[in-house]
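Visitor: Could you show me the structure and take me through it?

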Amino acid sequence: MSLAFEADLTRTATFMMTREDGMGIADTFPSILFEMGGHHGLSHSGNSEGGYLNWSRYDQFLNSRLAYFMNRLENIQEGNGTALDNTILLYGSGCSSTHNFKNLPLILAGGKNMGLKHGSYINYEDKLPMNNMHYSILKALGIKVDSFGDSNGTLTEIFG
């Protein structure tokens, strides 16, 4: 994806490592790499037989891939900054705990030249629709829409 950005072949990309439901490749990945079981099984393993340790190793692997991608974008110079400055990255999971889709663990990164403010942790405590973030991203990208899904505003504390 970073090569596609560097070659200016696209400005939009979506990448999903695995599904979180234990179906398809998610049932075997990361066991292919680490021989520790699939993602869904790890999330339900508790602390028996190193379950939490293996799950944390898996999360560490995923986060190392994000860091690698961000470093690649940071090293691509373009216009008034880097590809990372001109890209908004949304990284995370569709579940925060077992089968719970609230209080999602997400990272919003990059986008310095699009008004994204950095260096904060915000817990909305399920008070706002998740689509407020998606709506804020669309507005930062200059896409003119009145709303996105059930959004009811923008996240002004994240986007200046």
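This is a predicted model: local features need pLDDT of at least 70, side-chain atom pairs count only at pLDDT 80 or more; totals for chains, interfaces and linings use all residues.

Visitor: How many helices and strands are in the protein?
Guide: The protein has five helices and four strands; these are DSSP runs, helices being H or I of at least four residues and strands E of at least two, numbered from the N terminus.

Visitor: In what order do the elements run from the N terminus?
Guide: The order is α-α-α-α-β-β-β-β-α.

Visitor: What share of the residues is buried?
Guide: Of the 160 residues, 30% are buried (under 20% relative accessible area; exposed is over 50%, partly exposed in between, with a 1.4 Å probe and protein chains only).

Visitor: Now, how many salt bridges does the whole structure hold?
Guide: The search finds two salt bridges, each being a side-chain nitrogen of Lys or Arg within 4 Å of a carboxyl oxygen of Asp or Glu.

Visitor: Which side chains meet in them?
Guide: D8 pairs with R11 at 3.2 Å, N to O, and R11 pairs with E78 at 3.2 Å, N to O. The latter pair links distant parts of the chain, 67 residues apart: R11 lies in the loop between α1 (2-6) and α2 (31-34), and E78 in strand β1 (residues 77-78). Through shared partners, D8, R11 and E78 form one network.

Visitor: Is E78 buried or exposed?
Guide: E78 is buried, at 17% relative accessible area, whereas R11 is partly exposed at 44%.

Terms used: Residues are numbered from 1 along each chain as its sequence is written. Side-chain values use heavy atoms; hydrogens and water are left out.
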